[in-house]
Amino acid sequence: MFSKPIFGNCQTMALFALIIALELGLFAFAANEGRAHFALSFTNNGRADGSAPSHALLASRDSLIAQNFKTQSITVQAWVMPSSMPPAVASKIGLVAGNLVHSPHVPLHGGYGLFCRNVANLSAVVECGFVIGTSSTSFELISAQLPTVGSASEGTAGDRNGWYHISGSFDSVTKAIALHVDGRLVNSTQASSTSSISYANHADLTVGGWLESSNGGGATNSNSFEGMIDEVKIWSSARTTPQILGDAFDTIDGQASTSGLLSSFGFNEGFGSAVTDVAGSIEAQLRGSP
């Protein structure tokens with residue numbers, strides 16, 4: 001059964017209130033499988049004043065580290081608790097993680113991104129998705145509505161308390177693009193035989209903050225993620241359904257050698273402006289404030 005409980009009892013709530021009082025940062029207290037830890041909380045990310053949205057910067061687009069994430073096969077995974085999301089139109093998505101450039105009005109595309117957004121005209125219904133830019137003028141996108149508790153489509157999700165595990169992947173050999181929710185394949189499509197991820201245009205690699213234009217600039221607040229994000233993993237391969245099911249609850253301890261794992265962020269620091277990649281390659285920086 002999938003379950004990522006949060007605020008499970010009065011003691012947890014009291015500790016959460018204490019942390020909020022002490023830390024004016026992006027961290028929020030959560031509980032996962034009986035262990036206390038933190039998640040990143042994104043609130044008021046669509047700022048009316050035009051300031052850049054809150055996000056975790058994993059790698060600047062032109063850095064040497066960023067080159068490691070420009071792979072053709074890719075899987076991006078995260079636990080999410082979405083709240084207010086952008087509407088479901090082509091140019092608006094709440095980025096969970098990726099280095100995506102996606103601006104249909106230019107057009108300008110590149111990179112990849114895992115996202116959440118509201119279903120059009122249904123502000124309380126959220127869908128997730130995965131998108132890759134295959135050239136400067138084209139992209140491939142798949143999405144699926146997040147199941148509600150007790151629905152027939154929920155599968156084995158159980159009492160989720162608002163949390164979902166989502167995973168998007170692209171296989172450069174088979175050209176399959178797949179989307180999983182709570183370890184279950186919910187949507188897939190076949191890209192053309194010549195499709196590949198284009199990195200001619202791509203943004204900084206980020207969590208939570210949507211950077212719409214190329215060269216890492218042009219932060220678009222109305223398109224950023226609102227809610228909580230935890231346990232972000234990025235792989236240089238297309239993970240299978242059994243692997244994804246295991247990935248949802250596997251916590252990398254920094255000692256294990258996990259083939260193809262580019263980065264893994266548990267966001268358990270609880271304070272400060274830096275978060276550590278427990279797979280070993282990145283110290284990400286938190287930008288903005290909730």
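Buried here means under 20% relative accessible area, with exposed over 50% and partly exposed in between (1.4 Å probe, protein chains only). Strands are DSSP runs of E with at least two residues, helices are runs of H or I with at least four residues, and both are numbered from the N terminus.

Before going on, bear in mind that this is a predicted model, where local features need pLDDT of at least 70, side-chain atom pairs count only at pLDDT 80 or more, and totals for chains, interfaces and linings use all residues. Residues are numbered from 1 along each chain as its sequence is written, and side-chain values use heavy atoms, with hydrogens and water left out.

So who sits beside strand 5? Two strands pair if DSSP finds at least two bridges between them. Strand 5 runs antiparallel to strand 8 (residues 112-119), joined by 4 bridges, and there Gly98 stands opposite Gly113. Strand 14 (residues 205-207) is another antiparallel partner of strand 5, this time over 2 bridges, with Ala97 facing Val207.

Now hop over to strand 18. In a regular strand the side chains alternate between the two faces of the sheet. Strand 18 (residues 283-287) has Ala284 and Leu286 on a covered face, while Glu283, Gln285 and Arg287 are on the uncovered one. Strand 3 (residues 55-59) is joined to strand 18 by 3 bridges and runs antiparallel to it; His55 has Arg287 as its bridge partner. Strand 17 (residues 274-276) also pairs with strand 18 in the antiparallel sense, over 3 bridges, and Ala274 stands opposite Gln285.

The structure holds 1 cavity of 30 Å³ or more; on a 1 Å grid over the protein atoms alone, a cavity is a set of points where a 1.4 Å probe fits but cannot get out, and lining residues have an atom within 4 Å of a point. The largest cavity takes in about 40 Å³, a volume being the space filled by probe spheres set on the points, which are joined across faces, edges and corners. Among the residues lining the largest cavity are Ala59, Phe69, Asn99 and Leu205.

Stepping back, the chain comes to 3 helices and 18 strands, and 53% of its 290 residues count as buried.

Notes
On a 1 Å grid over the protein atoms alone, a cavity is a set of points where a 1.4 Å probe fits but cannot get out, and a pocket is an open set with protein on both sides within 12 Å along at least five of seven lines; lining residues have an atom within 4 Å of a point.
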